[in-house]
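Please examine the structure below with attention to the links between its side chains. The explanation that follows takes these links in turn.

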Amino acid sequence: MIASVCSLLLILSTFVLSSSARAETVSASDIEIGGHARESWDLNPLGISNAVVCNVEGPAGFLSVRSGPGTDFAINRNLKALATVVVDTSMRQGHWIYVTTAFRDFDEHGKRQTHKSLHVQGWAHDAYLCDFIDF
């Protein structure tokens, strides 16, 4: 009985942990989106890194860049999926990271488009930022 309860708890904890930590993995035309960008930030000692907005398929459909590290702060700008953000990985507070600027090189279907600057500074939640490879 105890062994079966322990097995059930192990299976449930594995499911809960893996489902809450998943990042979008998509290959769309000119870009391939990988896992959460936060997993590679410690490999970059310079602190500046690019990430792409991902995991925003919910009701809002965008990532909010805020004036401070938390949802109580004002929204500086909303960014849709596949916008690229430049972050300073040396400025992190929990799951919040500082965004120095943003731009768009891909449309919503992953096709390359003319470079467009999306001037913004502030804080973004790292659950909505993924690594990417552009082709």
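**Contacts and links within the chain**

Leaving aside its neighbours within four places in sequence, Arg-66 is in contact (heavy atoms within 4.5 Å) with Thr-71, Phe-73, Ala-74, Ile-75, Asn-76, Trp-96, Gly-122 and Trp-123. The model is a predicted one, in which local features need pLDDT of at least 70 and side-chain atom pairs count only at pLDDT 80 or more, while totals for chains, interfaces and linings use all residues. Residues are numbered from 1 along each chain as its sequence is written, and side-chain values use heavy atoms, with hydrogens and water left out.

Arg-66 belongs to strand β4, residues 63-66. Strands (E, at least two residues) and helices (H or I, at least four) are DSSP runs numbered from the N terminus. Arg-66 is buried but has no salt bridge, and the nearest side chain of opposite charge, that of Asp-72, is 7.4 Å away. Here buried means under 20% relative accessible area, exposed means over 50%, and partly exposed lies in between, with a 1.4 Å probe and protein chains only. Lys and Arg count as positive, Asp and Glu as negative, and His and the chain ends are not counted. A salt bridge requires a side-chain nitrogen of Lys or Arg within 4 Å of a carboxyl oxygen of Asp or Glu. The side chain of Arg-66 does reach the backbone oxygen of Thr-71, at 3.2 Å.

Arg-77 is partly exposed, with a relative accessible area of 30%. Its side chain reaches the backbone oxygen of His-119 at 3.3 Å. Arg-77 and Val-120 are 43 residues apart in sequence, yet their C-alpha atoms are 6.6 Å apart in space.

The structure holds 1 disulfide, defined as a pair of cysteine sulfur atoms within 2.5 Å. The disulfide joins Cys-54 to Cys-130, with 2.0 Å from S to S. Cys-54 lies in the loop between β3 (48-53) and β4, and Cys-130 in strand β10 (residues 129-134), so the pair ties together parts that are 76 residues apart in sequence. Cys-54 is buried at 1% relative accessible area, and Cys-130 is buried at 0%.

What is the arrangement of the rings of Tyr-98 and Trp-123? Their centres are 5.5 Å apart and their planes stand at 75 degrees, so the pair is edge-to-face. Rings of Phe, Tyr and Trp (its six-membered ring) pair if their centres lie within 6.5 Å; planes under 30 degrees apart count as stacked, over 60 as edge-to-face and the rest as tilted. Tyr-98 in strand β7 (residues 96-106) and Trp-123 in strand β9 (residues 122-125) are 25 residues apart, and both are buried.

The count of salt bridges comes to 3. In one of them, Arg-38 meets Asp-126 at 2.6 Å, N to O. Arg-38 lies in helix α2 (residues 38-41) and Asp-126 in the loop between β9 and β10, so this pair ties together parts that are 88 residues apart in sequence. Another salt bridge joins Asp-42 to Arg-92, with the closest N and O atoms 3.4 Å apart. Asp-42 is exposed at 65% relative accessibility, whereas Arg-92 is partly exposed at 35%. Arg-112 also forms a salt bridge, with Asp-134, the closest N and O atoms being 3.5 Å apart. Arg-112 is in strand β8 (residues 112-117) and Asp-134 in strand β10, 22 residues apart.

How values were computed. A polar contact is a pair of N or O atoms within 3.5 Å; within protein, one must be able to donate a hydrogen and the other to accept it, and residues adjacent in sequence count only if both atoms are side-chain atoms.
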